[in-house]
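Visitor: Could you take me through the ligand site in some detail? I'd like the cut-offs along with the contacts.

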Amino acid sequence: MKFCVAIDGPAAAGKGTISRAVAAHFGFAHLDTGLLYRAVGMKGGDPTQAACTLCAEDLARPDLRSLAAGEAASRVAVLPDVRAALVAFQRDFAAREGGAVLDGRDIGTVICPGAEVKLFVTASAECRAERRWRETGEGSLAEVLEQVRARDARDMGRADAPLRPAEDAITLDTTTLSIDEAVDKALVIIRARLG
Ligand code: C5P
């Protein structure tokens, strides 16, 4: 069975947590596509070359979850050649037997426009900054909020594959939801589609 769940949204909205829970619940494979861009950003050298030669070792770096890696990712993610180099891998993953969950910024709009379920997971910038700040333990809350806002502006404002909900995406605002509540809402939507 092929069944693709596309989960998009801004940084620290809860996409990763929801995606992992959904994948575990239904036994689907999960791909955090942000890691691909983080690995390209941290590899150094020419970003397009880095994207074309990305390997398992690059994806296993221990610093990929840092704020610096997130910043580096959003800088290389504006480059059309970098995005193009990562498309085939993501589409192949989405088409695997047994179901797949992909989370990122352009999954429902560009990578898998035919996905069976599209969720757009969001939350206020203040709430997302606080989550990211607690998670990473880096910098001050004010600095992290500034970075979140800058990253939103870059991700939404780029010409190629900007962050936006697909027309047929269901928006899930997690600002006032607990993790369990957010996951439950996602499970209900997906279960309805699975029939
Ligand atoms: O989701 P995460 O915070 O790990 O993503 C890091 C950055 O990678 C994002 O801010 C975005 O610029 C880029 N990205 C993207 N498209 C994706 C996933 C991530 O442009 N599908």
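Predicted model: local features only at pLDDT ≥ 70, side-chain atom pairs only at ≥ 80, totals over all residues.

**The ligand site**

Guide: Side-chain values use heavy atoms, leaving out hydrogens and water, and residues are numbered from 1 along each chain as its sequence is written.

Now the shell. There are 15 residues around the ligand, and Arg38, Arg83, Arg105, Arg151 and Asp155 come nearest (near means a heavy atom within 4 Å). By type, the shell splits into eight charged, four polar and three nonpolar residues, with Gly counted among the polar ones. Helices H2 (34-43), H5 (67-76) and H9 (141-157) each supply at least two shell residues, and H2 gives the most, with three. Helices are DSSP runs (H or I, at least four residues), numbered from the N terminus.

As for polar contacts (pairs of N or O atoms within 3.5 Å), a polar side-chain atom of Asp155 sits 2.6 Å from a ligand oxygen. Arg151 also reaches a ligand oxygen with a polar side-chain atom, at 2.7 Å. Thr33 places a polar side-chain atom 2.9 Å from a ligand nitrogen. Taken alone the ligand exposes 460 Å², and the protein buries 97% of that (Shrake-Rupley areas, 1.4 Å probe).

Notes. Polar contact = N/O pair within 3.5 Å; in protein donor to acceptor, adjacent residues only side chain to side chain.
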